[in-house]
Amino acid sequence: MDIAVTKNPNPGTLPPSDKLGFGSVFTDHMFVMDYSDSKKWHNARIVPYGPIALSPAASVFHYANEVFEGMKAYKWADGSIRLFRPYENARRLQASCERLSLPQIDENIFVEAVKAVVEIDKNWVPSDPGTSLYIRPFTFSTDPELALHGIHQAMFMIILSPSGSYFAEGLKPVKIMLETVDVRAVRGGTGYTKCGGNYAASNRAGDRAMEKGYSQVLWLDGVERKYIEEVGAMNVMFKINGKIVTPALTGSILPGITRKSCVEMLKSWGLDVEERLLSAEELFNAAENGKLEEAWGVGTAAVISPIGELSYKGKSYIVNDFKIGETEQKLYDALTGIQWGKAPDTFGWTELVCK
Ligand SMILES: *Cc1c(COP(=O)(O)O)cnc(C)c1O
């Protein structure tokens with residue numbers, strides 16, 4: 001792919017790691033590519049990071065034709081920069097585009113674009129422990145009309161945000177509340193895609209949980225309101241009576257790459273992993289009977305987020321004395337060990353960007 005590069009005439013500098021936070025600092029450049037019915041994907045370019053102009057009638061603003069990805073680049077001790085399973089993100093973006101009738105991007109072109117823009121901004125990849133460069137690819141429709149005649153114009157962009165350590169003081173358990181009013185997604189809908197609309201539908205429950213002192217909600221399925229699906233914007237796993245249980249991918253759950261990696265890793269350690277329906281009743285019975293040993297969220301941003309307290313029907317259950325569980329810590333160390341190049345990449349999950 002030919003990528004035209006326009007260098008930023010006023011490059012910035014990477015702030016100190018403790019000032020980074022998450023998702024608010026951006027690098028010097030971004031990747032942009034246009035789509036039209038006649039030209040397909042074209043005009044791939046890397047340009048200075050900055051605002052873009054769109055028609056106020058652009059269909060994304062009215063009909064929410066938008067999908068995105070979230071991934072990270074890591075700087076290893078040898079100075080090289082690596083991605084984690086980028087072809088998984090490429091394929092998931094294709095599946096998301098397919099569901100929302102957005103034009104798909106070839107997976108090799110996706111990975112090439114990610115590598116190109118990360119390499120140009122390689123000085124923005126932080127190297128302190130726990131830090132990374134968060135990568136946000138996204139696709140949206142730009143047809144400048146309100147009539148619904150399908151999607152004929154779109155854009156694909158990649159922006160980069162250096163991020164501090166998610167848990168600056170190590171893993172920290174969080175408090176979670178079961179959500180019984182709102183649902184995030186239903187089977188047949190867009191739950192399995194990474195689309196902005198799923199987030200729009202989730203905000204209200206998240207806000208209400210925050211007001212009550214919880215950091216996330218535990219979602220139930222939208223059809224029977226019976227089975228556990230996800231926690232906030234993360235997949236969820238439990239250790240019940242020595243076995244690892246995670247909700248099966250029924251169509252309304254986002255197929256997380258961290259989830260997939262955890263399942264593969266846990267199985268490689270010889271642990272029992274059950275991907276199946278898990279009802280709230282079964283979960284809270286296990287909690288009541290002392291069989292719920294660990295509970296944690298999994299996703300790219302935090303990697304592993306231990307759950308210390310679950311609230312259900314006005315009752316609270318403390319998990320593992322609000323401490324970090326053995327499986328949680330082991331998974332976190334093993335995954336981040338591979339990502340940061342501190343452990344051998346026995347699964348072949350990392351992908352070199354540049355030395
Ligand atoms: C992105 C996301 C996840 C986690 O996926 P990863 O690939 O592990 O980052 C889980 N649930 C939702 C709703 C998400 O948007």
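In the predicted model, residue S36 is located in strand β2, which spans residues 29-36. S36 is buried, because its relative accessible area of 16% falls under the 20% limit that defines this state. Leaving aside residues up to four places away in sequence, S36 is in contact with H42 and H152.

The protein is divided by its domain assignment into domain 1, comprising residues 4-165, and domain 2, comprising residues 174-335. The centres of the two domains, taken over C-alpha atoms, are separated by 28 Å. Contact between them involves 17 residues of domain 1 and 19 residues of domain 2.

Nonpolar side chains in soluble globular proteins tend to be buried together. In the present model, the largest nonpolar core consists of 34 residues. The residues with the most contacts inside this core are F31, F110, V114, V118, I135, F156 and I158. Helix α3, formed by residues 107-120, is the element that gives the most to the core, contributing six residues. The contacts of V114 were examined individually: when residues up to four places away in sequence are not counted, V114 touches M71, L83, I135 and I158.

Attention was then turned to the open space in the model.

Several secondary-structure elements each supply at least two residues of the lining of the largest pocket, namely strands β7 (132-141), β10 (216-220) and β15 (292-299) together with helices α4 (196-211) and α5 (257-268). The largest share comes from α4, which provides seven residues. By residue class, the lining of the largest pocket comprises 16 nonpolar, 14 polar and six charged residues.

Note on methods: Residues numbered from 1 in each chain as written. Predicted model: local features only at pLDDT ≥ 70, side-chain atom pairs only at ≥ 80, totals over all residues. Heavy atoms only, no water. Core = buried A, V, L, I, M, F, W, Y, C linked by side-chain atoms within 4.5 Å. Buried < 20%, exposed > 50% of the residue type's maximum accessible area, 1.4 Å probe, protein only. Helix = DSSP H or I, 4+ residues; strand = E, 2+ residues; numbered from the N terminus. Contact = heavy atoms within 4.5 Å. Nonpolar A, V, L, I, M, F, W, Y, C, P; charged D, E, K, R; others polar. Domains from an automatic or database assignment.
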